Amino acid sequence: MGLGQLASRALFRSTRLASSKPQLLLRRAIVSTPDLHNSGAAAAEAQPEPDLPKRNPVAGARVHFPNPDDVIEVFVDGYPVKIPKGMTVLQACEIAGVDIPRFCYHSRLSIAGNCRMCLVEVEKSPKPVASCAMPALPGKGWSFMKMVGFGMKIKTDTPLAKKAREGVMEFLLMNHPLDCPICDQGGECDLQDQSMAFGSDRGRFTEVKRSVVDKNLGPLVKTVMTRCIQCTRCVRFATEVAGVQDLGMLGRGSGEEIGTYVEKLMTSELSGNVIDICPVGALTSKPFAFKARNWELKGTESIDVTDAVGSNIRIDSRGPEVMRIVPRLNEDINEEWISDKTRFFYDGLKRQRLNDPMIRGADGRFKTVSWRDALAVVAEVIHQVKPEEIVGVAGKLSDAESMMALKDFLNTMGSNNIWCEGNGPNPNADLRSGYIMNTSINGLEKADVFLLVEAAMVNARIRKTVRATSAKVGYVGPPADFNYDHEHLGTGPETLTELSEGRHPFYSALSNAKNPAIIVGAGIFGRNDKDAIFSVVEKIAKNINAVRPDWNGLNVLLLNAAQAAALDLGLVPQSEKSIENAKFLYLMGADDENLDKLPNDAFVVYQGHHGDRGVYRANVILPASAFSEKEGTYANTEGCAQTTVPAVPTVGDARDDWKIIRALSEVAGVRLPYDSLSAIRSRISTVAPNLLNADEREAAAFSTSSLRPEVKEKMDNSAPFGTAVENFYMTDSITRASKIMAQCSASLSKK
């Protein structure tokens, strides 16, 4: 659409709105006596309501009125809008269905008001005002000898506002390089879109454009700082959300530029989000540079499985290859931020993949075989061992359907020794409240005091709460670099004992809190005294009244995507020494299980998508699909079930995990009673029906503090808490195969 058509459409719209306004004409009329007594009704009839078409808010914006007395009414282009006090003019325009151009404004960052692109005309204001920084105000006036409310009158499409935006755009483009054909932001650039819609058709500046030296922010973010328009979104994100003082504004006037105060890398694990919030091509993805244009990509909505948060993502692919991963909005889980590991691990999906079934020969080398031969060998061996010697381990990336199939298959073979990586040798899966985040991730914002026990994740949400409410944070565990104010209480279990007995100074803050939150890291699951630790933590929660009908502040923060679903499905081993007595070991994507005590004559089957650690000990390899190639159900750390969707085709001759186990059961003569995804989900509904409520969180019905039996064992005070995640960037088979994650890990170790 040309600029002339845009201008004519805006002119037609303003003319139509002006013609639809009621014309209040003062006329002298002779009225009868009844009409004089009913002057109020006559006045109401004389001032009819304007008949304006209903508008839809921009991007589904919603209004919440916590206090009905704080409602004010403003008029946007003659359209009345009711909003709560404290809203800005820009937010009022969005509620009215008018999209105001902006560069510096972002709904999750503080207001800067320095791009001036959001200028609008306000009645009785001598000049255009910046709508992002101007609060919407109520007004008073007289009508028919009675005081009524006349709210602020905002005009967004007048010639004055149009000319002001054109002037601002002309200044922004004065020093902007004309390199759109080689800019990775092309096609999804706010500057492109808004200069077409609101800019002029020519510029008057002929001076030489300035240039700025590019900054080195690390292996993830590419900088072309000559394109920067100084909106300061990246500076505010780094300071307010990421919690690092890495970026800032340097210089004055024409020499003003954004950079690091000293030459250093951007150290935050959320640094990749500056790529999304940058409105121009100054900050782009370094691994994605010059790879594809956005209109060439197919977007598939899915979820992240590299940790237990379950961040919502969109997988952009071209043909059989995943090109990039970007965040998806979900207010309850990740808002609109994702970690650098989630955003950049995708190149590991095409490296070190297992394509075909393989069997280890007598010479120790693997040879490629058909599916029929591989399954026949596994079925023959599994019938030659005793049922109690059959062991199955589900990997940290396993979906609920595959774990259900593996459990049913091994149970049919007479074995109940099956568990999931990360849950420890003897997990307690009796009550859901004992292994999920009962407060919910979004509910952490209601807490006023935190007690973290070896839990160093979900920092972005806790930092947001600390900034908004000045909540206190106490931490028990090894020294950690948090990006918010906290008090390091101790490193071992003896600190928990002091808190449970009320002898620690931080206990007063916990006991006086209205909504205290205790977060226990899943690294505790690997300790021998985990039951004693959980017992002491539950005693603390009971003493500070953290578990009530209206608030459950006792939380467990899981590490892996498969942990919650595995415990929901009852993947609990019958014996704690299963590995030591195993003769047949089935590893379903399990690469981090300690196999040092596994007998040398044990037969190992590895079913997975990457040639990682589990392959070295395997006798048979069965290639499986990765999460981006199949449909599967995952439950995150708060117990919310979410599903992945296939974005790219499978690699080689790989198959879905549950289909492999289903085929193996038929070859072994114990055929499982489901042949489709819907059938296996029907089976899941009989075990854990909460896993079928997609995108819904089902809270735990009972609390562990009142139902858990008394624990007689004592805590091992001589063993301090360890670090749950040694290397944040390389935690599973996909991230360990990623070249980008290897670069991040190397940069991290240099800091």
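**View 1. Helix 11 and helix 17 pass each other with their axes within 8 Å.** Helix 11, which covers residues 400-412, and helix 17, which covers residues 657-667, cross at roughly 20°, and the two helices are therefore roughly parallel to each other. The crossing of helix 11 and helix 17 is left-handed. On the helix 11 side the residues that meet the partner are E401, S402, A405, L406 and F409, while on the helix 17 side they are D657, W658, I661, L664 and S665. Sorted by class, this contact of helix 11 with helix 17 has six nonpolar residues, two polar ones and two charged ones.

**View 2. An open sheet of five strands has the order 2-1-7-3-4.** The pairing in this sheet is mixed. Its edges are held by strand 2 (79-84) and strand 4, each of which has a single partner strand, so one side of each is left without a neighbour in the sheet. Strand 1, spanning residues 71-76, pairs with strand 2 in the antiparallel sense over six bridges, and within strand 2 the residue K82 stands opposite E73.

**View 3. Strand 3 has strand 4 as a partner and is also joined to strand 7.** Strand 3 (residues 119-122) and strand 4 (residues 129-130) pair in the antiparallel sense over two bridges, with V120 standing opposite V129 in strand 4. These two strands form a hairpin that has six residues between them, and in its turn K124 has a positive phi of about 75°. Strand 7 (residues 153-155) is joined to strand 3 by two bridges, and these strands run antiparallel; here E121 stands opposite K155 in strand 7. Helix 5, made of residues 159-172, lies across strand 3 and strand 7 and runs at about 155° to strand 3.

**View 4. Confidence in the predicted model is given here as pLDDT.** The chain has a mean pLDDT of 87, and 90% of its residues reach 70 or more. Over residues 1-49, however, the pLDDT stays under 50, and for this stretch the model has 29 contacts beyond four places in sequence. The pLDDT is also below 50 over residues 141-149, a stretch that has 13 contacts in the model beyond near neighbours in sequence.

Key: Residues are numbered from 1 along each chain as its sequence is written. This is a predicted model: local features need pLDDT of at least 70, side-chain atom pairs count only at pLDDT 80 or more; totals for chains, interfaces and linings use all residues. Side-chain values use heavy atoms; hydrogens and water are left out. Axes are lines fitted to C-alpha atoms, for helices over the stretch in contact, and angles run from 0 to 180 degrees between N-to-C directions. Helices (H or I, at least four residues) and strands (E, at least two) are DSSP runs, numbered from the N terminus. Angles under 35 degrees count as roughly parallel, over 145 as roughly antiparallel, 65 to 115 as roughly perpendicular and the rest as oblique. A crossing is left-handed if the near helix is turned anticlockwise from the far one by less than a right angle, and right-handed if clockwise. Contact means heavy atoms within 4.5 Å. Ala, Val, Leu, Ile, Met, Phe, Trp, Tyr, Cys and Pro count as nonpolar, Asp, Glu, Lys and Arg as charged, and the others, Gly among them, as polar. Two strands pair if DSSP finds at least two bridges between them. pLDDT is the predictor's confidence in each residue, from 0 to 100.
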